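Dear colleague,

I am handing over the structure below, and after it I set out what was found in the course of going through it. Please read the notes with the structure open beside them.

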Amino acid sequence: MKLYTRRAPRALLAAFALAIATPAFAQDDPRVVEIRWEEVVEKSIDDNLALRAKRLDYESQDLEEWKSLSTFLPTLSYQGAWTNNQEIPKFFIAGQVIEVGSPWTIQHNLVASLPLFTGGARWFNYEIQSDLRKSMAEEVRDMESETALNALKAYFGVVLAQEMEETMAEAVEVAEANLEQVRTKRNVGTATELDLQRAKAQYFAQLPQYESAKNGVKKARQQLKVVLNIPLEDSLAIMDTLAIKSFGAEYVDLPLEELKSIARESRPDLRAGEYQVKAAEGGETAALSRFSPTAALSYTVSHQTQAEELDEDGTYFRTKALALSVSWSLFEGGGRYLDWEKAAIRTRQAELYRKLADDQAALEVENARLDYLESVVNLESLEAASAQAEEASRLANLLYGEGMSAQLDVLNAQLAKTQSRAAYLEGVYRYNVSRLTLLDAVGKLNAIWE
């Protein structure tokens, strides 16, 4: 009885702690995330970690633009000084020694200052920061398209991997059924030992491919989770099947030159390059502004007192001053000229990078269009080949069951069916991805979600 009374409180405390902790642990349990391709785009744009970090760069640059505007406002500053005069000045006047001052000097200053003219440096800096912000906004849009494209590729890669797993599983089942059929015929003397060994070889050859297909599904799913910022412990429920998609139907079949024209107007990276050139030109102009004089207006209010002790209440005297200062640096050893030359070099670099980006964009459009046209032709051929292989496999099994065909014909037909089906699935995937890639190349990938 005593033993029970000592352990009972501990048991109650343990049960209470478990009841409190259970919801917390339950929140960390793996989830099942159902997802469609339309949701992939939205989730990748909202949750991708690299894209979120890029948006923070934009927010920082937006603050830099506001900071450049703050230089147009006056500044207000306070300064307090408590001076202990270790040795008070003495003057000899009319035969007498007179001390001027006191052991302590206390002074409070309030200064308001406003730059009137800086050669345009403040305005040029504002324009530079504004162009850099616009460039950063275009870079964010470009990264959104890139992230969405990678997410869609990963998503349809999962769909393809699942279809390949089903195809390989079916191939294993067919090979196993064929093996059992041949084994039965071998037992009754209507099939040879060679037929049995061939059926076994076909069956065991399918097993590694099936295992590879299963691993391919796992890898593709994990890759998609990383892109979408989904915990790797969660499970994905893919709600789409591998089918031909008509992404960007209003763009993909346009002539090449028209696609290039759309790319020059729509691609965010090209617009970002234009803003970077403008920012570099602004930096060149800002460097020239350093050759001009500057003028500033300041207004000062001072309160000062002399005291024998630091905590003594003295009589303060107030002074006010309004000052206009003009400064013009005539010679700095050539540093300003060299800074202007460096700014001019940066402008030329920005122009060259923009030209290079234009050329690369045109090349990407050409390559993407060729890949798309190739995928269209290949898909038609692969679809026809898959249908023929399906029919050939059906006929081979039918004839073999009737004793009108060799078992080797059945094995070859089954292998051709599996290979043709796998090739067709990959063809559908390449077709869909090629359309997405072409849209991205012309800067219109956002048309599928906006």
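A residue is called buried here if its relative accessible area is under 20%, exposed if over 50%, and partly exposed in between, with a 1.4 Å probe and protein chains only. This is a predicted model, in which local features need pLDDT of at least 70 and side-chain atom pairs count only at pLDDT 80 or more, whereas totals for chains, interfaces and linings use all residues. Residues are numbered from 1 along each chain as its sequence is written, and side-chain values use heavy atoms, with hydrogens and water left out.

Aromatic rings of Phe, Tyr and Trp (its six-membered ring) are paired if their centres lie within 6.5 Å, with planes under 30 degrees apart taken as stacked, over 60 as edge-to-face and the rest as tilted. The whole structure holds 7 aromatic pairs. One of them joins Tyr 203 and Phe 204, edge-to-face at 5.2 Å centre to centre and 65 degrees between the planes; Tyr 203 is buried, at 16% relative accessible area. Another, tilted, joins Tyr 372 and Tyr 431 at 6.0 Å and 40 degrees, and it links helix H8 (residues 335-401) to helix H9 (residues 407-441) across 59 residues, helices being DSSP runs of H or I with at least four residues, numbered from the N terminus. Tyr 372 is buried at 4%, as is Tyr 431 at 10%. Trp 37, Tyr 155, Phe 156 and Phe 247 form one aromatic cluster.

Ser 266 lies in helix H6 (residues 256-266) and is buried, at 13%.

Terms used: Helices (H or I, at least four residues) and strands (E, at least two) are DSSP runs, numbered from the N terminus.
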